[in-house]
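Please open the structure in a viewer and keep the selection tool ready. The tour below moves from one selection to the next.

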Amino acid sequence: MAGCAGCRSGQEDFGLAMAFQPIVDVEEERVVAYEALVRGASGEGAGAVLGRVTPENRYAFDQQCRVAAIEQAVEAGIVDTGARLSINFLPNAVYSPVACIQLTLKTARAVGMPVDRLVFEFTEDERMTDTAHVANIIETYHRMGFSTALDDFGAGHAGLGLLAKLQTDVVKLDMELIRGIDASMPRRMIVDGVVRMLDRMDIGVIAEGVETVEEYAALRALGLRYFQGYLFAKPGFRSLPPVTYPRIDLSADMARVAA
């Protein structure tokens, strides 16, 4: 990890494994990307791993996550699928966007993962204190040909204020907006407004955390095309899981949502 001092500090070996969850285009019934989700070496949940991350070792953790995601996705067969690989990263673990991406690029080239199919996804559970730094990361990644995504939009601090400062290629709607949307007019109105706004900003939208056919039908009636959630596939540990595409009567659901 020769990029910078931050990436060389805290060299704890986290023993990471990855699970991969599909992001699907339901209109074409194809997987457009797989999100790499951190796990322990034996499949332990993300919480068990993230609980070991400290300010001193977060740089090494971020680098190891990127390497594990790329290597294990290629081992699972992602290259032949044509799908992209969405990698979560910690904005505060990036000293210099150019320096800290070098190991990622080296790894991708070594295992044959096309670098133009990498997507970098970030979320912040706490309010960002240096949005200019994060904006610089996003702009630098764009110049290098990468796509970026803002995760958990509509939860915590990942809202309109953040979006006004940071424009990513994709926004992922938080599951709190999605859960029970079929039975909630306020949720449907909010999502409808957000989708229309993002469309005018030329930002793609993914509904994540979709678990029921009813949620899916309500979201399809609002015009959403890209989805992620247990309804389609649970994450596959070190594997690319098969996808199920639910069958719905879209015309009927559009009439019900409009009523």
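## A buried arginine and its surroundings

Begin by selecting Arg220, which is buried at a relative accessible area of 13%; buried means under 20% relative accessible area, exposed over 50%, and partly exposed in between (1.4 Å probe, protein chains only). The model is predicted: local features need pLDDT of at least 70, side-chain atom pairs count only at pLDDT 80 or more, and totals for chains, interfaces and linings use all residues. Residues are numbered from 1 along each chain as its sequence is written, and side-chain values use heavy atoms, with hydrogens and water left out.

The side chains of Glu27 and Arg220 form a salt bridge, with 3.6 Å from N to O; the term denotes a side-chain nitrogen of Lys or Arg within 4 Å of a carboxyl oxygen of Asp or Glu. Glu27 lies in the loop between β1 and β2 (30–39), whereas Arg220 belongs to helix α11, 193 residues apart. Helices (H or I, at least four residues) and strands (E, at least two) are DSSP runs, numbered from the N terminus. Glu27 is partly exposed, its relative accessible area being 46%.

Now select Arg225 together with Asp25. A salt bridge joins Asp25 to Arg225, and their closest N and O atoms are 2.9 Å apart. Asp25 is in strand β1 (residues 17–25) and Arg225 in the loop between α11 (213–221) and β8 (226–228), so that this pair links distant parts of the chain, 200 residues apart. Asp25 is buried, with a relative accessible area of 0%, while Arg225 is partly exposed at 24%.

Because Glu28 sits in the loop between β1 and β2 and Arg225 in the loop between α11 and β8, the pair ties together parts 197 residues apart in sequence. Glu28 is partly exposed, with a relative accessible area of 47%.

## The whole chain

Of the 259 residues, 50% are buried. Among contacts (heavy atoms within 4.5 Å) between residues at least 6 apart in sequence, 69% join residues at least 24 apart.
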